[in-house]
Amino acid sequence: MKEVQEEAGIAVSVHQLYSVRHKAKSSYEPDARDFYKMFFLCRRSGALTLTSGLETSEVSFFDRDRLPPLSRSRSIERDVELAFEFNDGRQTIAVID
């Protein structure tokens, strides 16, 4: 919640954990570090003030079919697809790999 507020200017509350992924064992670009990534669905909980933070150059909303290129060292297409599947109710348990 704090990260979204600081980097995008959006107050959110966590709704649901939807995925836990072991970065070294997934389809991410290679990384010398070994860690797990946790993905959460959030809901906006306050005023909307889109503001870039220290780690973001621009903040905006995008149509699902017009997402900008991903930083593949951080997120892959499947991460985004799972978020939509959970949000739409098509997926009900977290994917752990």
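Glu85 touches Arg78, Arg90 and Gln91 when residues up to four places away in sequence are not counted, a contact being heavy atoms within 4.5 Å. This is a predicted model, in which local features need pLDDT of at least 70 and side-chain atom pairs count only at pLDDT 80 or more, while totals for chains, interfaces and linings use all residues. Residues are numbered from 1 along each chain as its sequence is written, and side-chain values use heavy atoms, with hydrogens and water left out.

**Glu85 and Glu77**

- Glu85 lies in helix α2, helices being DSSP runs of H or I with at least four residues and strands runs of E with at least two, numbered from the N terminus.
- Glu85 has a relative accessible area of 16% and is therefore buried, the classes being buried under 20%, exposed over 50% and partly exposed in between, with a 1.4 Å probe and protein chains only.
- The side chains of Glu85 and Arg78 make a polar contact of 3.0 Å; the term covers a pair of N or O atoms within 3.5 Å, where within protein one must be able to donate a hydrogen and the other to accept it, and residues adjacent in sequence count only if both atoms are side-chain atoms.
- Glu77 is also placed in helix α2, but with a relative accessible area of 41% it is partly exposed.
- The side chain of Glu77 is joined to that of Arg72 by a polar contact of 2.5 Å.

**Nonpolar core**

- The largest nonpolar core has eight residues, among them Tyr18, Leu41 and Phe86, such a core being a set of buried Ala, Val, Leu, Ile, Met, Phe, Trp, Tyr and Cys residues joined through side-chain atoms within 4.5 Å.
- Helix α2 gives the most to this core, with three residues.
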